[in-house]
Amino acid sequence: MHLHVNRLCVSLSGTDIVQEVTLRVGAGQFVGLIGPNGCGKSTLLKSIYKVIKPRQGSVMLSELDVLRASPKAVAQKLGVVGQFNDLSFDFTVQEMVAMGRTPHKGLLEADNRQDSLIVEEALRRVNLEHYAQRSYNSLSGGEKQRVILARVMAQQPEFLILDEPTNHLDIKYQLQILTIVRNLGIGVLAALHDLVLSAKYCDYLYVMKKGQVVASGIPEEILTKALIGDVFGVACETYINPVTGELGIAYLDSVPQVREQVH
Ligand code: ADP
Ligand code: MG
């Protein structure tokens, strides 16, 4: 499935947080959304997955009009890994992942053998097959994140939205999660905070600043020293790593503002 977001505007408490954002993710494409803290990435993603109602604009998942469709119709196609996944009720890891099957079941329909196999396979893919009976709340932040990824895989979505999915994770699991997601072969729109990882995994990037998309393109072409300086306010040098052929970014120390002494 492909995603087409057209001229989306979101206002919260009277402030325009997302302004006229238009973006496309092709079928099977892994597209990153980058920009500094507070620029509106989460708000944009939430309005795409129906948690926040946009003031204007449309969201189409192939032929499905997301903003008008029922939550269940959307959940059968769209998987979401949001930023905060804390629960007040305790569930086992297996129960958490099994919740991914809900959009495919009728009211009160019990899980069947096929659901159990899907849940088992999802846990295996995030290396948590031995955690099935553990309490979710007892897990570390990184383990919780992998359970949530397993849950979204059990949902078998045709499109995935991720909001900084590798927060709290060791580099090993950051790479593991992004590799798993890329190998799902479905369209993905992911807010990512690590620019080097966004270049490594994404086919295409949208750059946001103050609620607007200010640049878009393939990572190697848009992640320039000038753009990173302008959007993130940091000095850096970019280079192509001679060993991997991938984009590298060397951040320079930030220069403290020198205040003139007033005598
Ligand atoms: P990002 O994910 O890029 O860090 P967010 O989408 O979380 O950015 O936030 C964008 C801006 O919207 C921030 O300035 C934040 O303070 C503001 N914001 C978020 N939620 C609300 C709200 N409910 N009411 C008013 N402002 C909000
Ligand atoms: Mg955010």
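**Notebook: strands, helices and the ligand site**

I started from one residue pair: Leu205 stands opposite Gly217 of strand S10. This is a predicted model, so I am reading everything here as computed.

**The hairpin.** I followed that pair out to its strands. S9 covers residues 204–209 and S10 covers residues 212–217, and they pair antiparallel over 5 bridges. Next I looked at the turn. The hairpin has 2 residues between the strands, and Lys210 takes a positive phi there, near 45 degrees.

**The sheet.** Which strands does the open sheet hold, and in what order? I read off 6 strands in the order S6-S7-S8-S3-S9-S10, with mixed pairing. S6 (78–81) and S10 are at the edges with a single partner strand each, so one side of each has no neighbour in the sheet.

For the parallel part I went to S7 (residues 159–163) and S8 (residues 187–191), which are joined by 5 bridges. Within that pairing, Leu162 has Ala190 in S8 as its bridge partner. As a reminder to myself, strands of a sheet pair through backbone hydrogen bonds, in either the parallel or the antiparallel sense.

**Helices on the sheet.** Which strands does helix H1 touch? H1 (residues 41–48) packs on the sheet against S3 (30–34), S7, S8 and S9. Its direction makes about 150 degrees with that of S7. Helix H9 (residues 225–232) packs on the sheet too, touching S3, S9 and S10. The direction of H9 makes about 35 degrees with that of S9.

**Ligand 1.** I listed what surrounds ligand 1: Leu12, Ser13, Ile17, Pro36, Asn37, Gly38, Cys39, Gly40, Lys41, Ser42 and Thr43. Then I looked for backbone atoms facing its oxygens. For Gly38, a backbone N or O atom lies 2.7 Å from an oxygen atom of ligand 1. A polar backbone atom of Lys41 is 2.9 Å from a ligand oxygen, and one of Cys39 is 3.2 Å from a ligand oxygen.

**Rings and charges.** Last, I went through the aromatic side chains. The count comes to 1 aromatic pair. Where does the charged end of Lys144 sit? I found it over the ring of Tyr136, 5.7 Å from the ring centre. Arg146 lies over the face of Tyr173, 3.8 Å from the ring centre.

How values were computed. Residues numbered from 1 in each chain as written. Chains lettered and ligands numbered in written order. Predicted model: local features only at pLDDT ≥ 70, side-chain atom pairs only at ≥ 80, totals over all residues. Heavy atoms only, no water. Phe/Tyr/Trp six-rings, centres within 6.5 Å; stacked < 30°, edge-to-face > 60°. Lys NZ or Arg CZ within 6 Å of the ring centre and 35° of its normal. Pairing = 2+ DSSP bridges. Helix = DSSP H or I, 4+ residues; strand = E, 2+ residues; numbered from the N terminus. Contact = heavy atoms within 4.5 Å. Axes fitted to C-alpha atoms, helices over the stretch in contact; angles between N-to-C directions. Near = heavy atom within 4 Å. Polar contact = N/O pair within 3.5 Å; in protein donor to acceptor, adjacent residues only side chain to side chain.
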